[in-house]
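Subject: Structure handover and findings

Hello,

Please find the structure below, followed by notes on what was found in it. Definitions are given where a term first comes up.

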Amino acid sequence: MSNRIVVDPITRIEGHLRIEVEVQNGKVVDAYSSGTMVRGFELILKGRDPRDAWAFTERACGVCTTVHALASVRTVEDALNITVPPNAELVRNLMFCAQYLQDHVVHFYHLHALDWVDVVSALSADPKKTSALAQSISNWPKSSPGYFSDLQKRLTTFVQSGQLGIFANGYWGHKAFKLPAEVNLIGVAHYLEALEWQKEIVKVHTIFGGKNPHPNYLVGGAACAINTDEANAINAERLAMVAQLFKDAKTFVEQVYIPDLLAVAGFYKDWGAIGGGLTNYMAYGDLPTNGYADVSKFKFPRGVILNRDLSTVHEVDGKDVGQVQEYIKHSWYAYADGDEAGKHPWDGETKFNYTGPKPPYEFLNVDQKYSWLKTPRWKGNAMEVGPLARLLVAYASGNKEVQDIVNGTLKALDVPVAALFSTLGRTAARGLETQLIANWSMEFYDQLVANIKNGDSRMFNGKKWEPETWPKEAKGVGMTEAPRGALAHWIVIKDKKIDNYQLVVPSTWNASPRDPEGKMSAYEASLIGTPIADPEKPLEILRTVHSFDPCIACAVHLYDEKGTYVHQIQTF
Amino acid sequence: MNDQTLTIYQQMLNKGYDRRDFLRFCGWMGALIGVEASGVGRIVHALETKPRTPVVWFHFQECTCCSESFIRSSHPIVGDIVLDKISLDYTETLQAAAGKQAEEALHETMKKYKGEYLMLVEGSVPTEENGVYCCIAGRSALDIVKEAAADAKAIVAWGSCASNGCIQAANPNPTGATPIHKIISGKPIINVPGCPPIGEVMAGTIVHLLAFDRIPQLDGLGRPKAFYSRRVHDTCYRRPNYDAGLFVESFDDENAKRGYCLYKVGCRGPVTYNSCGVIRWNNGVSYPIQSGHGCIGCSEANFWDNGPFYQHLASFPGFGIETTADKIGVAVGAATLAGMAAHSITTNIRKRREIKESIANSKTDKEGGA
């Protein structure tokens, strides 16, 4: 007998995600992933000024803020053939790095950790032992017995208040929790410290983009002018603050995040064999070191790996209409030529076509359409995107820095290479790339300072700013790597206005429903085989789904090249 | 209210802070909210005696930038807010429980603290097609918001989505995205617009509610006057450049490098009420204009449809620095949270008309000049 379990809402994510699974003999045998909210972004973009698109698309997501703005300015720059000055590229790289540092740390501690750390167990930890353990894995100064003792008292008071707030009704005491009480107490301490620290690194965005979340971007470069002799511009004080923020970030990552990640992973090595899912991985790559046009000099390379074959990296071309295509067989949309067709984003069409149950409902009709997410495919293949995909593509591309850090970690944890293809591998990959980015951010910073020292203060290329300079029609693609994976925008500009605009985002790749051939996407595939100790408390589902860092608001969208909008609500 | 709960003062003592720390904390909260020194005593009293207020935080059509902004607050820091000041019993972004357990936590709070819980809403509510465009736990956002509002003590509409519809309500508003105050009536609703609002403004709104046990004074659009009564233009440190006629003509030109006024390259500071120029962002580090980009007006209703952003406004009313939203609007007096009766928000028709006119003028100017 199988048993249907519904987890809705999936919490500690961005957006609205529902997971339905079939459990048989204590294991997941079937899984369905559904995005349950839609806003209609691409339709809203039609007819707007392309230079404004970054602001609209940035609002696709406030957790991975900036990444849509970056994809958008690149898309418009690609369409209009604009090259940004080196300083603007460096500022964008620095904002990219700051975003990863904040986002990955918040994911680990605030969105993912409570799947592994039992907060209630921390109450019974011995502060002295906790201190000794903390000091054995890191030089982080906040590690005295008194520090942990105070924290434990605070936590005890909190629990005794009877108002458990964000910790209410958690799966505390679940037998899948395996950390000793002392590690749990360290986890809780760093949960709070990370929450306080994360608000610092984003100040890099505030300096260059005026605010965070949702800093400002600019087609053609960056809006923050450089003038070393002016209080109102990027000057030595502003740069010193950027340097300090990155330095502190590097310390936090190296002394808190990475030691915690390794300590926790050491107790959950069995999750190195659970949650592997798909065998194909894709990265668009990012962090240019010689301009966005020179993909060969990206810190994160571009490419596809098929069937976990690390000997071959396949080329990815966003402009080849045969490569990236979206399907709607199981999505609440309709195509003019039927539910089986795949559409390249430049040729997209969409109509809402909600055929699901009328709310309130208990289950979705998973054999029919069951999500507001479309299903993207690369040459027909389902792809996992995200930190693991990025590291695998870099590893397979021969990037020595990535190979060293991955091999070193596998050795430290004493697990085989195959452990990478798992829930644990995904979570570890996120930490490892954070460490790489902490290092790279200093390189970009040094380069920016060197440019300014050499007299280059250019930040903006205004040659194609005025719409009068644009061709009558233009098409573009802008690619980046959001923290959650490969992100691209496609634009068609006609008569100086947006004629068509599409976003194909990481969580659409990972969280989408099945394609017309019945092939699962990454979330669904990775849940198959997951052990479920207690169907009433499906903690294990959260572990695997959270390992992808779901971000659903941006995954759900619609577009229509003709701008027509049709309601086709059929089943009421 | 659960009588086992500890006051904020007790909890601070338990955390190892002394009374001096506590008084200092009350002092800066007072400064943040803008009360005079004589008012600090009331904050001290409130936090010494109040148990943690139960709070439920909903997410509908949004991007979670409001939650992200909230956790950026530097004073109070969010760890202290959620552990010591409120009991955040439901929040899809942070809570440990998921699915059934999360929904149980929500309903338990709504039942146990009927009429006492604070309801925070992030996101607009789609009203087309029976609300199928946003469902949580198999229920439509429309259903959920109505149910939760019925027994809430007060509602805070976070960000532009919940207070004016924001981007999904931009033309053609495909899902019928609707702000909270157009769905719920008969409850105090505090609109805290912005995309997102400043973190310290969000925290400050919460602190005001807890410390004074009343909703802050609101303007005609339901916004706390402490944070939304001044135009960005009137509080902009680049304002003297505007008055002197010193403008950036194009991004990164010599005038941009000198930090001149951004009016000509597109700045909505003159028609935007927010405290970016005063509080600034991320603990006062900067704000859009200081970092060289015009204000896009993200706290104003319909700002997405008032573009394009890089088109300058032809003219705008109420030039004088003395102008406040209050003067050209209708202020809504403060009322205590406890026993709060029906509370209506008066629309600031006059100000809206003025903004509309300035946009229309701007468009005319563009067409004429092209």
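In which hand of crossing does H4(A) pass H12(A)? H4(A) passes H12(A) in a left-handed crossing, where left-handed means that the near helix is turned anticlockwise from the far one by less than a right angle, and right-handed that it is turned clockwise.

Some conventions before the rest. This is a predicted model, in which local features need pLDDT of at least 70 and side-chain atom pairs count only at pLDDT 80 or more, while totals for chains, interfaces and linings use all residues. Residues are numbered from 1 along each chain as its sequence is written, and chains are lettered from A and ligands numbered from 1 in the order in which they are written. Helices (H or I, at least four residues) and strands (E, at least two) are DSSP runs, numbered from the N terminus.

Confidence

The predictor's confidence in each residue is pLDDT, which runs from 0 to 100. Chain A has a mean pLDDT of 94, with 96% of its residues at 70 or more. Over residues 557–572 of chain A pLDDT stays under 50, and the model has 40 contacts beyond four places in sequence for this stretch. Two residues are in contact if their C-beta atoms, placed from the backbone, lie within 7 Å.

Helix H4 of chain A

The axes of H4(A) and helix H12 (residues 423–453) of chain A come within 9 Å and cross at roughly 155°. Axes here are lines fitted to C-alpha atoms, for helices over the stretch in contact, and angles run from 0 to 180 degrees between N-to-C directions. H4(A) and H12(A) are therefore roughly antiparallel (angles under 35 degrees count as roughly parallel, over 145 as roughly antiparallel, 65 to 115 as roughly perpendicular and the rest as oblique). The contact of H4(A) with H12(A) has 13 nonpolar, 11 polar and 1 charged residues. In these classes Ala, Val, Leu, Ile, Met, Phe, Trp, Tyr, Cys and Pro are nonpolar, Asp, Glu, Lys and Arg are charged, and the others, Gly among them, are polar.

H4(A), which covers residues 86–112, also packs against H7(A), at an angle of about 160° and with the axes 9 Å apart. That makes H4(A) roughly antiparallel to H7(A). This crossing of H4(A) and H7(A) is left-handed. Residues of H4(A) that meet H7(A) include A:Leu101, A:Val105 and A:Tyr109, and those on the H7(A) side include A:Tyr191, A:Leu195 and A:Ile201. By class, the contact of H4(A) with H7(A) has 9 nonpolar, 4 polar and no charged residues.

Helix H10 of chain A

In helix H10 (residues 387–396) of chain A, 10 of the 10 residues are buried. A residue is buried if 20 or more other C-beta atoms lie within 10 Å of its own, exposed if 12 or fewer, and partly exposed in between, with C-beta atoms placed from the backbone. Among the buried residues of H10(A) are A:Arg390 and A:Tyr395. Just after H10(A), A:Gly398 takes a positive phi of about 90°.

H10(A) packs against helix H11 (residues 400–413) of chain A at an angle of about 115°, with the axes 8 Å apart. H10(A) passes H11(A) in a left-handed crossing. A:Leu391, A:Ala394 and A:Tyr395 in H10(A) meet A:Val402, A:Gln403 and A:Val406 in H11(A), and the residues of this contact divide into 5 nonpolar, 1 polar and no charged.

Two single residues

A:Leu420 lies in the loop between H11 and H12 of chain A. A:Leu420 is buried, with 23 other C-beta atoms within 10 Å. Not counting residues up to four places away in sequence, A:Leu420 touches A:Leu388 and A:Gly425.

A:Ile137 is in helix H5 (residues 127–137) of chain A. With 17 C-beta neighbours inside 10 Å, A:Ile137 counts as partly exposed. On the same terms of sequence separation, up to four places being left out, A:Ile137 touches A:Pro259 and A:Ala263.

Chain B has 13 helices and 9 strands, and 60% of its 370 residues are buried. Helix H5 (residues 78–85) of chain B has 7 of its 8 residues buried, so it is largely enclosed by the rest of the structure.

The contact takes 86 residues from chain A and 84 residues from chain B. The side of chain A that touches chain B divides into 40 nonpolar, 27 polar and 19 charged residues.

Regards
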